[in-house]
Amino acid sequence: MGILIDKFGRAITDLRISITDRCNYKCVYCRTGNEGALYGDLPFEDYLRMARVLVSMGIIKVRLTGGEPLLRKGVVDFVRELTKLKPNAYGTPDALVGNLQADEGARLSIANLDIALTTNGHLLAEMAQELKDAGLSRVTVSMDAVDPDRFARITRVPNGYDHVLAGIRAAKRVGLGPVKVNCVLMRGFNEDQVIPFGMLAREEGVIVRFIEFMPLEEGRVWEPATVVTLDEIVARMAEYRPLVEIAHERSETARRYRFDDGVGEIGIIAPVSHPFCGHCSRIRITSDGKIRTCLFSVWDHDLHAQMRHGASDDELAEWIRGVVMKKEERHHIGEPDFVPASRTMVHIGG
Ligand code: SAM
């Protein structure tokens, strides 16, 4: 089966699957604080079939996300099943293979699917070893303050900080690395955490990645002034130690930096101030089985409905090819014609 290419010539190689939109944290910049899921989830065998068809069409990276993916019973077995899918390297353009081998984890082999997971880390310490044994390649842990009290205020959950730090350390210990720690900075909440995260990167040996706050929150509080931009992060970090930019792959979302003494890596994902839509290689499947071609899509494409109506794998593939052709050229954050996405981040899968 030929690989997936959209109408702007972007190869789609990266799939994110949200396996639940429930979350045990209520981060202030993400959720309003309400409980529970809005959309429900599917049996793992349905996600597995979707992944199998998409892997046969050139997907080589699958990231499990949510909501909080570690809340979902059976996630370890799901990872094990995913490892049995073999990427369709045949017919992959040389340029793309070049990208893959040098890509972020530097572990990608065209022979095996790269399986990653994004988690808030609360349950990671107890699950890291079994996830590794099941074949997970690496984890990204979200963490928005290096301070227990601030962390509790942001997540609106008491005592989470120690769990998350233990999760990060367990992930490193069992070899789910390079461990990345994602931090969303929001003005008025945690922009003073830039330097503490720089120290964390150096002391814990993790790659800290700052993500610019995007208008994807339930509370609709985003405005340009709430975004702590790439330039501001680099300038603040320089008050501690200067950063030196290092090469990153075109398809990589993060700009990469090392400290001037070579110890510690920082990434900055700047979709607002430095958009990278032209190199986007991602599509997403929501927990209820809809394809989203962009975080900022104003509609979903109901893949699960196709399955319920009895489509064969070949029919699903053709349908997916048509959906990918509708992938948006870019987001319009901050522009007068910006229309908010039809779902917020927790219900899409970040
Ligand atoms: N529960 C998992 C976690 O905490 O990583 C996975 C889902 S969470 C929605 C995925 C990522 O999206 C987290 O790193 C979170 O900080 C980020 N995120 C949530 N809302 C965001 C927003 N409005 N702008 C940028 N990143 C956001």
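Two residues are in contact when their heavy atoms lie within 4.5 Å. Keep that cut-off in mind for this predicted model.

**Around Asp-288**

Asp-288 sits in the loop between strand E10 (282-285) and strand E11 (290-292). Which residues does Asp-288 touch, leaving aside its neighbours within four places in sequence? They are Tyr-39, Gly-40, Leu-42, His-304 and Arg-343. Two polar contacts involve the side chain of Asp-288. One joins the side chains of Asp-288 and Lys-290 at 3.3 Å. Another, of 3.0 Å, links the side chain of Asp-288 to that of Arg-343. Is Asp-288 buried or exposed? Its relative accessible area is 12%. Buried means under 20%, so Asp-288 is buried.

**Asp-162, another aspartate**

Asp-162 belongs to helix H6 (residues 160-174). Its relative accessible area is 56%. The cut-off for exposed is over 50%, so Asp-162 counts as exposed. Asp-162 and Phe-151 are 11 residues apart along the chain. Their C-alpha atoms are separated by 10.0 Å.

**The nonpolar core**

In soluble globular proteins, nonpolar side chains tend to be buried together. Here, the largest nonpolar core has 103 residues. Which residues have the most contacts inside this core? They are Met-143, Phe-210 and Ile-266. Helix H1 (residues 44-55) supplies the largest share of the core, with eight residues.

Now take Met-143. Residues up to four places away in sequence are not counted here. Met-143 then touches Phe-151, Tyr-161, Val-164, Leu-165 and Ile-168, among others. The list also includes Val-181, Asn-182, Cys-183, Phe-197 and Leu-200.

**The ligand and its shell**

How many residues surround the ligand? There are 17. The closest are Tyr-29, Gly-67, Glu-68, Ser-142 and Met-214. The shell divides into seven nonpolar, eight polar and two charged residues. The table gives polar atom pairs between protein and ligand.

| Residue | Protein atom | Ligand atom | Distance |
|---|---|---|---|
| Gly-67 | backbone N or O | nitrogen | 2.8 Å |
| Thr-119 | polar backbone atom | oxygen | 3.5 Å |
| Ser-142 | side-chain N or O | oxygen | 2.5 Å |

How much of the ligand's accessible area does the protein cover? On its own, the ligand has 550 Å² of accessible area. The protein covers 95% of that.

**Backbone details**

Most residues other than glycine have a negative phi, and most peptide bonds are trans. Some places in this model depart from that pattern.

Start with a peptide bond. The one from Gly-177 to Pro-178 is cis, with omega near 0°. Pro-178 is in the loop between H6 and strand E5 (180-185).

Next comes phi. Asn-159 is not glycine, yet its phi is positive, near 65°. Asn-159 is placed in the loop between helix H5 (148-155) and H6. Its relative accessibility is 62%, so Asn-159 counts as exposed.

Arg-220 also has a positive phi, near 50°, in a residue other than glycine. Where is Arg-220? It lies in the loop between strand E6 (207-212) and helix H8 (230-238). Why does Arg-220 count as partly exposed? Its relative accessibility is 43%.

Methods:
Residues numbered from 1 in each chain as written. Predicted model: local features only at pLDDT ≥ 70, side-chain atom pairs only at ≥ 80, totals over all residues. Heavy atoms only, no water. Core = buried A, V, L, I, M, F, W, Y, C linked by side-chain atoms within 4.5 Å. Buried < 20%, exposed > 50% of the residue type's maximum accessible area, 1.4 Å probe, protein only. Helix = DSSP H or I, 4+ residues; strand = E, 2+ residues; numbered from the N terminus. Near = heavy atom within 4 Å. Polar contact = N/O pair within 3.5 Å; in protein donor to acceptor, adjacent residues only side chain to side chain. Areas by Shrake-Rupley, 256 points an atom, 1.4 Å probe, with all protein chains shown as cover. Nonpolar A, V, L, I, M, F, W, Y, C, P; charged D, E, K, R; others polar.
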